[in-house]
Amino acid sequence: MNPTTSIIRQVNRDNPEVVAHHVSARFPVPAEVLFTYLTEEKHLEQWFGKVTRDEFVYEIEGTASGRIESCADNSFLITWEKDGDVSFLNVEVTPDGAGSLLAAGYSTRTEDLREDFTNRYGSGATAVGWDLTLWALDRYIAGVTGEPPRDAYAEFVAHSARGWANADAAAGTIPGDPETIADNTYRFYLGLDDGYEKREK
């Protein structure tokens, strides 16, 4: 997956009570196959995490849990519940030539957003994590095992952080400079302190 072009990002604040993030990416497998990678436990455990399901309730080990509101026709809607906050994740897979297009929408109530995180990182505080999930899926499809090298991870995070900062700027949802927001997010995901020198652009 080319981090500079493969992921399309959008932030929407038309409803002042909700922040909506939209992301899409193309994958080189048929829609029906991609959907099984997103929903079947045997696949999820290989690239995403151990998921257990009991009827309409699911739990991702060490991450989040929630309720499956719907799952049919290569799409699903779930709640994403973590640390007392509840968001909604809608995913749809459609054919795209010989491959498929994954489109996801992730909405969070404004009142559940941490103002300090929003001011410092913008949408990247959580949205870079979703980009990393798409990258993990892409590596799984390509048969790549193990964690990516740190330099490749750093490059991906840098592009992702800048992409989300630009999406925030286009939506008018961040109070500061997009490049500063992107750099803060990059440092957050790389575990860097403010005392480190600024990375090269």
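In which helix is Ala 169 found? Ala 169 is found in helix 5, residues 150–171. The legends below take this and other sites in turn.

The model is predicted: local features need pLDDT of at least 70, side-chain atom pairs count only at pLDDT 80 or more, and totals for chains, interfaces and linings use all residues. Residues are numbered from 1 along each chain as its sequence is written, and side-chain values use heavy atoms, with hydrogens and water left out.

**View 1**
Ala 169 and Ala 171 both have their place in helix 5. Helices are DSSP runs of H or I with at least four residues, strands are runs of E with at least two, and both are numbered from the N terminus. Ala 169 counts as partly exposed, at 39% relative accessibility. Ala 171 is partly exposed too, with a relative accessible area of 30%. Here buried means under 20% relative accessible area, exposed means over 50%, and partly exposed lies in between (1.4 Å probe, protein chains only). From C-alpha to C-alpha, Ala 169 and Val 11 are 9.0 Å apart in space, yet 158 residues apart in sequence. Ala 171 and Arg 13 are also 158 residues apart in sequence, with 7.1 Å between their C-alpha atoms.

**View 2. Arg 9 and Asp 131, a buried salt bridge.**
The side chains of Arg 9 and Asp 131 meet at 2.7 Å, N to O, in a salt bridge. Arg 9 lies in strand 1 (residues 7–12) and Asp 131 in helix 4 (residues 124–141), so the pair ties together parts that are 122 residues apart in sequence. Both residues, Arg 9 and Asp 131, are buried. A salt bridge is a side-chain nitrogen of Lys or Arg within 4 Å of a carboxyl oxygen of Asp or Glu. By this rule the count comes to four salt bridges. Side chains of opposite charge can pair when their charged atoms come close.

**View 3. Asp 96 and Arg 26, a salt bridge between strands.**
Asp 96 and Arg 26 meet through their side chains in a salt bridge of 2.9 Å, N to O. Asp 96 lies in strand 7 and Arg 26 in strand 2 (residues 18–27), so the pair ties together parts that are 70 residues apart in sequence. Asp 96 counts as partly exposed, at 30% relative accessibility. Arg 26 counts as partly exposed, at 48%.

**View 4**
A salt bridge joins the side chains of Arg 187 and Asp 183 (3.0 Å, N to O). The two are four residues apart in helix 6 (residues 178–190), which means about one helical turn separates Arg 187 from Asp 183. Both Arg 187 and Asp 183 are buried.

**View 5. Leu 134 in helix 4.**
Leu 134 is found in helix 4. Leu 134 is buried, with a relative accessible area of 8%.

**View 6. The buried face of helix 1.**
Helix 1 spans residues 31–39, and its buried residues are Ala 31, Leu 34, Phe 35, Tyr 37 and Leu 38. Seen down the axis of helix 1, these buried residues fall within an arc of 155 degrees, so they line one face of the helix. The arc is that of the directions from the helix axis to the C-beta atoms.

**View 7. Two loop residues with positive phi.**
Asp 73 sits in the loop between strand 5 (64–72) and strand 6 (75–82). Phi of Asp 73 is near 55 degrees, a positive value in a residue other than glycine. Asp 73 counts as exposed, at 76% relative accessibility. Asp 83 sits in the loop between strand 6 and strand 7 (85–96). Phi of Asp 83 is likewise positive, near 55 degrees. At 72% relative accessibility, Asp 83 counts as exposed. Most residues other than glycine have a negative phi.

**View 8. The loop between strand 4 and strand 5.**
Thr 63 lies in the loop between strand 4 and strand 5. Thr 63 is partly exposed, with a relative accessible area of 33%. The C-alpha atoms of Thr 63 and Gly 49 are separated by 8.6 Å, and the residues are 14 apart along the chain. Glu 61 has its place in this loop as well, between strand 4 (57–60) and strand 5. Glu 61 is exposed, with a relative accessible area of 57%.
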